[in-house]
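These entries record what I looked up in the structure.

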Amino acid sequence: MTMNTRTLGTTGPQVSALGLGCMGMSALYGDADRAESIATIHAALAAGVNLLDTGDFYGMGHNEMLIGEALRAAPADLREQALVSVKFGALRDPDGNWAGYDGRPAAVKNFAAYSLQRLGVDHIDVYRIARLDPAVPIEETVGAISELIEKGCVRHVGLSEVGAETIRRAAATAPIADLQIEYSLISRGIEESVLPTTRELGISITAYGVLSRGLISGHFTRDRQLAANDFRALSPRFQGDNLQHNLSLVEALRKIAEQKGVSVAQIAIAWVLSRGAQHNNDIVPLVGARTRERLGESLGALDVTLDAADLAAIEEAVPADAAAGDRYPAAQMAHLGSK
């Protein structure tokens, strides 16, 4: 395993080649084991993964408290190397329902105060609104984060799931370290306008969903029964004929992986890494491992080299736009920024 580091954007922190997305340890993917989650965070830090990604609405604060507990229990040297990326702004009710997004400056500062307390840290390394609040100009939201930077509560501004126009407006307001957005073999929408814009402006991508929520991990089966609290049960890509079609893509990818002696997950993560390799390593995949076993498999992707023939074979097996179904249910797709 080779854990190189790269800079987020032109002014952001030095981060590991892979980051750990911690959402699944608290919400949306069925029940998780708390002790195993903490052990996985510790294993990631010990392996050199220094970027931990969360959201204040993951489990309504549960995920931040989990990370805070893991950091307190970690050896001092590992705790000090950890960088925490936090998404804010999603509004939820006691039943877990979604109620929009709040990007008002007063709300930004309020969210940050609670996150600092739950995480048990004196600053947040990268802070970003989870989705654009259509009622608040991005300049106001980013400006509020900049004020938190001046106070020492935040180190860097990030963005999440916004389009090229919003990226430009935000970057004109303050330096942007990175854009967090979904990117995988079967979710390649950013290639048209978003990725060229971030590269023009010197903004990195932290790519979530690199295994498409487990769909292209090589471990998801056609007969798998999802728990009632697993949001994939409502995800279009996991439904009926869509699922059958998408898993056929996985089987085509599996043949390539077997020829290279690696797993499907490793070749899928290595593909995402390869997309940034010719551009100053400007793409950092976030792996959503919830166990040490899955983390170890994901880290193995760092030792996978894909040559031109491999990339051509992967492209033939899983062409752009090959997936069936949207990546979110219709109501959530409406909140994704296209501008």
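I began with arginine 188, which counts as buried at 12% relative accessibility; here buried means under 20% relative accessible area, exposed over 50%, and partly exposed in between (1.4 Å probe, protein chains only). Arginine 188 forms a salt bridge with glutamate 191, with the closest N and O atoms 3.2 Å apart. I counted as a salt bridge a side-chain nitrogen of Lys or Arg within 4 Å of a carboxyl oxygen of Asp or Glu. Glutamate 191 is partly exposed at 24% relative accessibility. Through salt bridges that share partners, Arg188, Glu191, Arg275 and Glu315 are joined into one network.

I noted the basis of these values. The model is predicted, so local features need pLDDT of at least 70 and side-chain atom pairs count only at pLDDT 80 or more, while totals for chains, interfaces and linings use all residues. Residues are numbered from 1 along each chain as its sequence is written, and side-chain values use heavy atoms, with hydrogens and water left out.

I then looked up the total, and the structure holds 17 salt bridges.

Next I examined aspartate 53 and lysine 87, whose salt bridge has its closest N and O atoms 2.6 Å apart. This pair links distant parts of the chain, with aspartate 53 in strand β4 (residues 51-55) and lysine 87 in strand β5 (residues 83-88), 34 residues apart. Helices (H or I, at least four residues) and strands (E, at least two) are DSSP runs, numbered from the N terminus. Aspartate 53 is buried at 4% relative accessibility, and lysine 87 is buried at 3%.

I also recorded the salt bridge between the side chains of arginine 292 and glutamate 36 (2.7 Å, N to O). Arginine 292 lies in helix α10 (residues 292-299) and glutamate 36 in helix α1 (residues 34-46), 256 residues apart. Arginine 292 is partly exposed at 45%, whereas glutamate 36 is buried at 18%.

Lastly, I asked how many cavities of 30 Å³ or more a search of the whole structure finds. The search finds one. A cavity is a set of points on a 1 Å grid over the protein atoms alone where a 1.4 Å probe fits but cannot get out, and lining residues have an atom within 4 Å of a point. The largest cavity has a volume of about 30 Å³; volume is the space filled by probe spheres set on the points, which are joined across faces, edges and corners. Its lining includes Asp53, Leu51, Arg128 and Asp178. The elements giving two or more residues to this lining are β4 and β10 (176-182).

Methods
1 Å grid on protein atoms, 1.4 Å probe; cavity = no way out; pocket = protein on both sides within 12 Å on 5 of 7 lines; lining within 4 Å.
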